Amino acid sequence: MRTEELLYYLMTTIFCAEFFPQVLIFTQNKKLSIAKSHHQNPRVFRCSSYSESKNTSNYRSPQRGNKVISTHRPPNPHLPFYKDFKETHFTKLLHRSCKAGNYDEGLYLLECMMNSGHKADVILCTKLIKGFFNSKSVDKAVKVMDILERYGEPDIFAYNAYISGLCKVNRIDSANGVLSRMRTRGFSPDIVTYNILIGSLCNRGKLDLALEMLDQLMDDRCLPTVITYTILIEATILEGGIGEAMKLFDEILSRGLKPDMYTYNTVIRGMCREGLMDEAFDFVRSLTSRNCKPDVISYNILLRALLNQGKWDDGAELISEMFSNRCEFNVVTYSIMISALCREGQLDEAINLLKIMIDEGLTPDTYTFDPLISALCREGRLDLAIAFLDYMISSGCFPDIVNYNTILSALCKNGKSEEAMEVFNKLDESGCPPDVSTYNTMVSALWNNGDRIRAYRLLSDMFTKGISPDGITYNSLISCLCREGMVDGAIELLGDMRKIGFLPTVVTYNIVLLGLCKAHRIGDAVLMLEEMVEKGCRPNETSYVLLVEGIGFAGWRVEAMELANTLCERGVISNQSLRRLDRTFPVVDVYGSFVQTEIKS
C-alpha cells in the first residue's frame, strides 16, 4: 500500500468516529488486523544524551491576524485531492502529528491541505518549522516556510522561528535575506529577531558585525534590552576582554535598563577569567547596593576560580560567606569542590564529599562523577571506577561518552583491551554512540596488541558511520605504522593528512622522524626535518634529539656528539639533553679511554 493510500485509509477509519461518523456505515463490518512485535528490548546502559520522548512546542498566547487569502493553489497530481475534508479536520490531524513529533507526516498533511485549496495555518506551520530545524531537516523547514508565505499569512513568531533555525545551521546570509522579505511584507523585525541575529554572530566570533547589527537595531527604532547587551558583553569578554565589556555594562545603566543576575554573573565570570579576583569580589559585594543579591551561581563562579588557583583558604572563607548569607549549595557547588579535590589527589576526601552531597538530598550528575572516574583511572583503581559507573546507571544518571572514553582508555592502558571491546560493543545499544576519541583509543589498543585486522575494521566502521578522523587519529595511525617498521606508509599517510586539510603538528613529524631514525634512514630523516621547516612547522628540542640519537645508533657516535655539541652551543638543545646524549654515546679517544664532553654550565 502506498504512503498516501495508507494515510487516507487511516484518516477514513481510525479517525472516523470523531471526524466522519458517516463512514462507519461502510466500515462497521470490516476488521483491522494489526501485527504486533513481540521482540524484547532488554534494559541497557544509556547515555545522558539519550531521550525517549521528543520535545513538543506549546501554543503561543499572542493574538495573530485573521487575514483571509484568495490565492488558489492548483491541484498537485501526486497528492490525493481531499475535497470532502473540511479545513478543521486537516488542522486537527496536523496538530496531532506535530504533537507526536511526526513532522514528515505533518508536512504531508500540510501539502494535502494546500492541494485541497485550504489556507496554511501559521501556528502549525511554525511548529513544523521548529520541528524540522530541531531534527536537522533544514530543506523541509525551508519548504514549510515557502508554503506559509505563498498560501498563508506568516507572522513575526513564524519569521523569528525560521531565522533562529537558519542561524543555528550557520546560514546567516539566508537569515539576512529573510529579514529583507519580512520588510517587503510589511513586518518590522522586533527585538527578538535582532537578539537572534546578534547572538548568532557572537557565537561565530563576528563581534564587529554584531555591533553593527546593534546600530541597525537602533536605526529601526527598536530598543535594545538587557538580553541584547548581555549577549554582546559575553562575546566582548572573549574577544576584547573585561575592560571593553564593562563599557557595554555602563551603557546598560546609562539607558536606564536594570541588569539581571545573568548579566551580573557574566561580568563576574569575565573578571575571574582574567584573574581579577579582588575586582570580582568587590563587584559581588556591590550588588546589595544595586538592590540585588548574589545567587549560588555567583558564588560558584568565584569558588571555581579560587580552587583552580589552589586558594583553598580563600575558598573556605567564601563557603562560610555562603552559609552566612543562607545561600544553599547546589550540585554544581559540590561538583566544583569534588573536581578540585581530585586534581589535588585527595580522592578519599572527594568520595566523602560525594556522600555528604547525596545525604543532603542532591543528585550527582555526569559532571560530578567525571573527575572522580578520571582520577580513579589515573591511579589504577579501575574496579572502583567501574563501580562508580554502575552506581551512576543504577541511580538514573546515565554516563556520557566522556565517562565511557575514560574507562576505555584506562582498560586499554592496563592491557585489558578485550574488556574494553566488550564495553565498546555495548555503546550503541546504550544510546551513547562512540565518537572519534573512542575510536582513537580502541584502534591504538588493538594495533598495539597486534590485532591489525580488528583495528582496520574499526577504522572502516568509523568512516561508514560518517565520523571524521581528527589529528589524534592520524597521529595514532602514523605511530602504529612506524612502530611496525612501515615508515613509507606513515609518510604516505602524512601526505594524505595535508591533502584533506589537517596540518601535521611537531608531534606528527617527530613520530615520523623516530620511525626513520629507527630504520637507520638518516638521510630521509634530515630531509623530513627540512620539510618541517619549509611547511612552517618549527622543530622543537625533541626533533633535534631524535636526529642526534638516530645518527648515533646508526654507528656514527662521534658525528652525533659533534652535532649535539653544536646544537647545545646554539641553544637548540639543553645541557640536560646533552648530558644524557653524552652518556648514551660515549666517545673513545685514540688511547682507548672514554672522553667526556665538556658541558658549559
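Modeller: Start with helix 16. Its buried residues pack against helix 14 (261–273), helix 15 (277–285), helix 17 (312–324) and helix 18 (331–343). Keep in mind that this is a predicted model.

Biologist: What makes helix 16 largely enclosed by the rest of the structure?

Modeller: Buried means under 20% relative accessible area. Ten of the 13 residues of helix 16 fall in that class, so the helix counts as largely enclosed.

Biologist: Which residues of helix 16 are buried?

Modeller: They are V296, S298, Y299, N300, I301, L302, L303, A305, L306 and L307.

Biologist: How do you know that the span of helix 16 agrees with its 13 residues?

Modeller: The rule is 1.5 Å times one less than the number of residues. For residues 296–308 that gives 18 Å, and the end C-alpha atoms are 18 Å apart, so the two agree.

Biologist: What happens at the start of helix 16?

Modeller: A side-chain oxygen of D295 comes to within 3.2 Å of the backbone nitrogen of I297. The cut-off for a polar contact is 3.5 Å. Just after the helix, G310 has a positive phi of about 75°.

Biologist: Now helix 24. How do you know that it is largely enclosed?

Modeller: Ten of its 13 residues are buried, so the rest of the structure largely encloses helix 24. Those residues are V436, T438, Y439, N440, M442, V443, S444, A445, L446 and W447.

Biologist: What covers the buried residues of helix 24?

Modeller: The cover includes helix 22 (401–413), helix 23 (417–425), helix 25 (452–464) and helix 26 (471–483).

Biologist: What span should helix 24 have, at 1.5 Å a residue?

Modeller: Residues 436–448 should span 18 Å, and the end C-alpha atoms lie 18 Å apart, so the value agrees.

Biologist: Which atoms come within 3.2 Å at the start of helix 24?

Modeller: A side-chain oxygen of D435 and the backbone nitrogen of S437. After the helix comes G450, with a positive phi near 85°.

Biologist: Last pair. Why is helix 10 called roughly parallel to helix 12?

Modeller: Helix 10 (residues 191–203) and helix 12 (residues 226–239) pack at about 5°, with axes 10 Å apart. Angles under 35 degrees count as roughly parallel, so helix 10 is roughly parallel to helix 12.

Biologist: Which residues make the contact?

Modeller: Helix 10 brings I191, N195, I198, G199 and C202. Helix 12 brings I227, T228, I231, L232 and A235.

Biologist: How many nonpolar, polar and charged residues does the contact of helix 10 with helix 12 have?

Modeller: Seven are nonpolar, three are polar and none is charged. Gly counts as polar here.

Terms used:
Residues are numbered from 1 along each chain as its sequence is written. This is a predicted model: local features need pLDDT of at least 70, side-chain atom pairs count only at pLDDT 80 or more; totals for chains, interfaces and linings use all residues. Side-chain values use heavy atoms; hydrogens and water are left out. Helices (H or I, at least four residues) and strands (E, at least two) are DSSP runs, numbered from the N terminus. Buried means under 20% relative accessible area, exposed over 50%, partly exposed in between (1.4 Å probe, protein chains only). Contact means heavy atoms within 4.5 Å. A polar contact is a pair of N or O atoms within 3.5 Å; within protein, one must be able to donate a hydrogen and the other to accept it, and residues adjacent in sequence count only if both atoms are side-chain atoms. Axes are lines fitted to C-alpha atoms, for helices over the stretch in contact, and angles run from 0 to 180 degrees between N-to-C directions. Angles under 35 degrees count as roughly parallel, over 145 as roughly antiparallel, 65 to 115 as roughly perpendicular and the rest as oblique.
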